[in-house]
Amino acid sequence: MTKRHVSLPEEAEQGVETFIAEVDERLAGEEDTCEVVRDTLIDLYGDRAAYERWRAGEDVSPAERVRLQGYDPCNSTLESEYYAEKDEEAFRRSKHLQWLWRQFDATPMADNVEFALRFRSMLAKHLFAECGEGCRFFKGITFTYGHNITVGDNTVVHDDVHLDDRGRLSIGNRVSISDGAHIYSHDHDVVDQTEVTNFRTVIEDDARVTYDAMVRAGCRVGENSIVGARAIVQGDVPAHHVVVGTPAKSVRIKPGFEERAEPIGDRLANRRDDREIPYDLPSDLERFDEFGRTLEPGDTVK
C-alpha cells in the first residue's frame, strides 16, 4: 500500500462528525429535502445573518437576493431537468441532493479532503440508487440524475469525472475511475441528434478506467480490466484485459491472469443492443426542437 493514513485533529474531527451526522439525519427524516439543502448551504457559505435579514423583509440588493434565493434548489434548474423521459418523481428529490453536492464542491471546504470525502459519501447514500461502504468521491464529479447509479464497496471516483445516468449506470466493488473520465449511458441518433437511446452501462468489480478515458453507453468494462488513458471504449472490455486507443482495442492480458482471460480478439464485441432501456414519453408532452426547427410528427431530419 503506497498511501498513508491521515486523520484530523481531535477538535476538527468532532466538528466534522457532528455536522455530517446532522445533515445525514435530516436527509433521512421527514423534513422537506429542499429545506434541508437550503439550510445546509446557507450555513456552509456563512450567509445565515444575511438570509435572516432578507426573510425579515429588510432591503437587499438584486444580486444578494439572487444569491440568497439560490441556496434553495427549488429556485434552480439543471440541464437534466429538461429531459422528457426522466422519472419525474425520482428526479424531484435527486435534483435537490445533486444541487447540494455541486454547491458543496464550490465551497472552500470541498478542498478539505478528509471532510469532503466523508460528506460526499454520506450524500451518495441518499442520492444514488445504491452506494456501498468505503467509497471515496473526489471534487468536481457530475451526474445526469444520480438516482440511476449503483456503486459497490470501496470504489473511488477521482476529480472531474462525469457519470451519466440518463439510462442506468452500474459500478462494482473496488473500481477506480480516474480524473477526467466520462462514462455514458445514453446516446444520440446519427441523423437526428434529438433522438435519444438509453442503455445500461456496467463497470465490473476491480476494473480501472484511467485518465480522460470515455466509456460509451451500453458497454461493459469487465472484471479486473484496465481502460488506458484517453481510450474510447465502444464495445465490451473482456475481464482481465488492458485496452487502449481510439477505438479501444485489447493489447495485453494482465500478468498472472492469462489462463482466466478470453483470448485477445481484433475488436471489442458490441452488445449494446442487449442493454438498451426502452421508454415511453408522456402523452401530454409538449414537443419542441431545441435547434429551432419546425417539425411535424413523423418528420425525418435530413
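Trainee: What share of the contacts in the protein with a separation of 6 or more comes from residues 24 or more positions apart?
Mentor: Those residues account for 38% of such contacts, a contact being heavy atoms within 4.5 Å. The model is predicted: local features need pLDDT of at least 70 and side-chain atom pairs count only at pLDDT 80 or more, while totals for chains, interfaces and linings use all residues. Residues are numbered from 1 along each chain as its sequence is written, and side-chain values use heavy atoms, with hydrogens and water left out.

Trainee: Why is His240 called buried?
Mentor: Buried means under 20% relative accessible area, exposed over 50%, and partly exposed in between (1.4 Å probe, protein chains only). His240 has 4%, so it is buried. Its place is in the loop between strand S16 (232-233) and S17; strands are DSSP runs of E with at least two residues, helices are runs of H or I with at least four, and both are numbered from the N terminus. Leaving out residues up to four places away in sequence, His240 touches Glu223, Asn224, Ser225, Ile253, Lys254, Phe257, Arg260 and Ala261. Over the whole protein, 45% of the 302 residues count as buried.

Trainee: What makes Ala106 count as exposed?
Mentor: Its relative accessibility is 54%, and the cut-off for exposed is over 50%. Ala106 therefore counts as exposed. It sits in the loop between helix H5 (88-105) and H6.

Trainee: What makes the phi of Asp206 worth a remark?
Mentor: Most residues other than glycine have a negative phi, and most peptide bonds are trans. Asp206 is not a glycine, yet its phi is positive, about 65°. It lies in the loop between strand S11 (196-203) and strand S12 (208-209), and at 24% relative accessibility Asp206 counts as partly exposed. Asp212 also has a positive phi, near 65°. Asp212 is in the loop between S12 and strand S13 (214-215), and its 32% makes it partly exposed.

Trainee: Which residues does a cis peptide bond join?
Mentor: The bond joins Thr246 and Pro247, with omega about -5°. Pro247 is in the loop between strand S17 (241-244) and strand S18 (249-253).

Trainee: What makes an open set of grid points a pocket?
Mentor: On a 1 Å grid over the protein atoms alone, a pocket is an open set with protein on both sides within 12 Å along at least five of seven lines, and its lining residues have an atom within 4 Å of a point. The second largest pocket is lined by 19 residues, with Lys3, Arg4, Glu114, Leu117 and Arg136 nearest its centre. Helix H6 (residues 113-127) gives the most to that lining, six residues.

Note on methods: 1 Å grid on protein atoms, 1.4 Å probe; cavity = no way out; pocket = protein on both sides within 12 Å on 5 of 7 lines; lining within 4 Å.
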